[in-house]
Amino acid sequence: MPADQGADAGRHDRLLAGELTSYTLDKRLLDAAGQVLWCEVTAAAVPGPTDAVDCLIVHVQDVSRRREAELELANRALHDGLTGLPNRFLARQWLGNALDEDLGRSVGVLYCDLDRFKVVNDSLGHGAGDELLIEVARRFRGALRPADLASRVGGDEFVVICEGVTGEHELMSLAARLAASLDEPIMMGGQSHTVSVSIGAALGRAPDECDDVLVRADLALLRAKRSGRARTELFDVALDRVATRADLQLEDQLRASVASGQLRALYQPVVRLSDRTTVGHEALLRWQYDDHGLLTPDGFLPLAESSGLIRPIGWWMLRTACADTVAAGANWVAVNASPSQLAETTLVESVTAQLAASGLPPERLHLEVTESALMQASSRLIDELMELRRVGVGISLDDFGTGFSSLSLLRDLPVTTVKIDRSFVGPLLSDSSALAIVRAVVGMCGDLGLPVVAEGVETPEQYEALLELGCTHGQGYLFGRPAAVPTRSAGGAAVPS
Ligand code: C2E
Ligand code: CA
Ligand code: CA
């Protein structure tokens with residue numbers, strides 16, 4: 001019996017017994033023509049004069065389109081839309097499971113990167129680049145053993161996981177098969193071209209951590225690239241030492257930068273789409289690293305997170321963003337919260353202390369929490385976020401669509417704003433499933449009365465489409481790039497409205 005059938009029986013009884021006043025759930029129903037419909041069923045008890053339940057009001061709404069969008073979301077969360085291959089997330093899970101199983105044999109990882117892919121993209125156009133990636137994916141699949149997994153983990157990067165490998169020799173011969181699969185020229189934009197691949201190979205076995213094995217393969221790939229491309233390198237321990245040394249150096253420099261004031265906060269406007277008024281800003285971190293210029297977080301955030309430096313950095317950011325917002329007379333500021341900050345048991349005290357120190361009213365601060373962080377949140381964290389909400393702080397669900405939450409979960413999370421990840425906004429006009437997902441998210445948030453911010457809005461066409469879908473807010477280069485000072489907001493509403 002499907003899990004949703006009968007799911008409401010217990011709650012129905014409790015409703016009649018007066019233990020519940022109402023409940024809402026999704027279940028499948030048959031319509032008059034015998035078609036299955038996914039419906040959202042809300043039942044509420046109406047008490048009679050003696051307080052006993054007099055009658056029930058049941059509201060049934062067809063939510064089939066939302067369910068379809070949810071399935072599509074789950075599939076997209078695990079696969080690469082272009083090639084249909086599993087993505088990085090699924091590859092990591094697969095590798096983690098393979099390492100856990102420990103069948104007494106090794107697990108091989110081949111980190112593959114196409115040589116000069118950027119040249120293809122720049123000279124032949126993105127369409128040709130896409131054709132190439134699809135064909136490479138097809139050839140890699142054909143070259144592998146049935147139990148191996150090929151995934152696409154980035155632009156032109158593929159990770160292949162080979163379970164049950166007997167040793168280096170077998171892994172290297174699998175790598176040679178992958179490389180040879182690209183020997184035949186590939187048709188791109190009506191012409192045939194020859195491409196090659198560089199491969200980093202590493203072996204892991206229980207109890208190795210999945211990320212460690214991936215890093216080893218990536219380091220080996222770096223060496224393959226440096227020593228002339230179109231080659232395969234096997235990881236060895238000497239490589240590990242070099243990397244660790246470089247990382248330690250960078251970590252020392254980052255630590256010194258925190259102390260010597262080389263961090264910067266930039267502010268990017270969030271606008272109300274109906275009239276393009278700036279309603280608030282998101283604070284974005286930069287590192288002024290000697291003469292390397294202003295580094296964006298992608299380059300150093302992972303290191304900051306793994307070294308624990310993200311905590312002092314995060315609190316510096318919160319303090320700075322609150323103070324800058326007060327000084328500029330700007331409306332509200334959204335600050336990103338890292339997983340380490342969220343793990344601190346003094347989260348509420350730390351946030352309220354920073355607010356008090358800067359004089360920023362709590363309603364003018366939003367904390368951005370990524371969807372994946374919220375999905376893994378402990379009940380303690382949920383309680384703390386609830387507490388922050390009670391105090392008046394807004395909670396934004398960041399990067400929505402990249403994790404696994406089903407849309408219906410939005411009902412139960414302590415969020416005040418949802419930010420749709422820019423991976424859906426970019427292809428809005430070319431990818432009908434991205435459009436369907438944005439429509440479903442906007443619809444669901446509309447029902448719940450939550451503002452939705454579309455991230456990464458770059459073109460007037462995307463803006464028009466979002467407006468038409470009923471999306472309330474936007475952020476992106478079209479409206480303004482991250483800048484040193486938050487601009488004074490018009491409108492003056494303390495929350496996006
Ligand atoms: P995010 O929270 O999703 O922030 C939005 C990112 O999109 C920013 O990148 C922003 O510059 C970029 N962006 C904005 N509009 C557009 C657009 O129209 N097109 C494109 N292509 N990109 C756009 P940035 O500043 O490099 O930050 C990257 C990520 O680093 C952020 O993603 C956030 O997850 C993290 N981050 C930034 N500042 C902090 C911080 O203070 N603390 C923590 N823990 N994480 C931070
Ligand atoms: Ca953010
Ligand atoms: Ca985001």
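Donors, in these legends, are N, O and S atoms within 2.8 Å of the metal (3.2 Å for Na, K and Ca), and because water is not among the atoms, sites may look incomplete. The model shown is predicted, so local features need pLDDT of at least 70 and side-chain atom pairs count only at pLDDT 80 or more, while totals for chains, interfaces and linings use all residues. Residues are numbered from 1 along each chain as its sequence is written, chains are lettered from A and ligands numbered from 1 in the order in which they are written, and side-chain values use heavy atoms, with hydrogens and water left out.

**View 1. The whole chain.**
Let us start with the overall picture. The chain has 17 helices and 19 strands; helices (H or I, at least four residues) and strands (E, at least two) are DSSP runs, numbered from the N terminus. With a radius of gyration of 26 Å, close to the 23 Å that the globule rule gives for 497 residues, the chain is as compact as a globular protein of that length. That radius is taken over C-alpha atoms, and the rule is 2.2 Å times the number of residues to the power 0.38. The C-alpha trace spans about 80 × 65 × 50 Å along its principal axes. Of the 497 residues, 46% count as buried; buried means under 20% relative accessible area, exposed over 50%, and partly exposed in between (1.4 Å probe, protein chains only). Among contacts (heavy atoms within 4.5 Å) between residues at least 6 apart in sequence, 64% join residues at least 24 apart.

Look for D398 between the calcium ion (ligand 2) and the calcium ion (ligand 3): D398 bridges the two ions, which lie 3.8 Å apart. E368 is buried, with a relative accessible area of 2%, and D398 counts as buried at 5%.

**View 2. Helix α17 and its buried side.**
Which residues of α17 are buried? They are Q462, Y463, A465, L466 and L469. These residues cover an arc of only 165° around the axis, which puts them on the same side of α17; the arc is that of the directions from the helix axis to the C-beta atoms. Their cover includes α15 (422-425), α16 (432-448) and β18. After α17 comes G470, whose phi is positive, near 90°.

**View 3. The nonpolar cores.**
A nonpolar core is a set of buried Ala, Val, Leu, Ile, Met, Phe, Trp, Tyr and Cys residues joined through side-chain atoms within 4.5 Å. The largest one has 71 residues, and V351, L365, L388 and L466 touch the most other members. Helix α10 (residues 310-328) gives the largest share of this core, eight residues. Leaving out residues up to four places away in sequence, V351 touches W315, L318, L365, L367, L388 and V393. Another core, of 31 residues, lies apart from it and has L85, L114, F117 and V197 among its members.

How many disulfides does the structure hold? The number is zero, where a disulfide is a pair of cysteine sulfur atoms within 2.5 Å. The sulfur of C210 is 15 Å from the closest cysteine sulfur, in C162, too far for a bond. For C445 the closest cysteine sulfur, in C471, is 8.8 Å away, also too far for a bond. C210 counts as buried at 10% relative accessibility, and C445 is buried at 0%.
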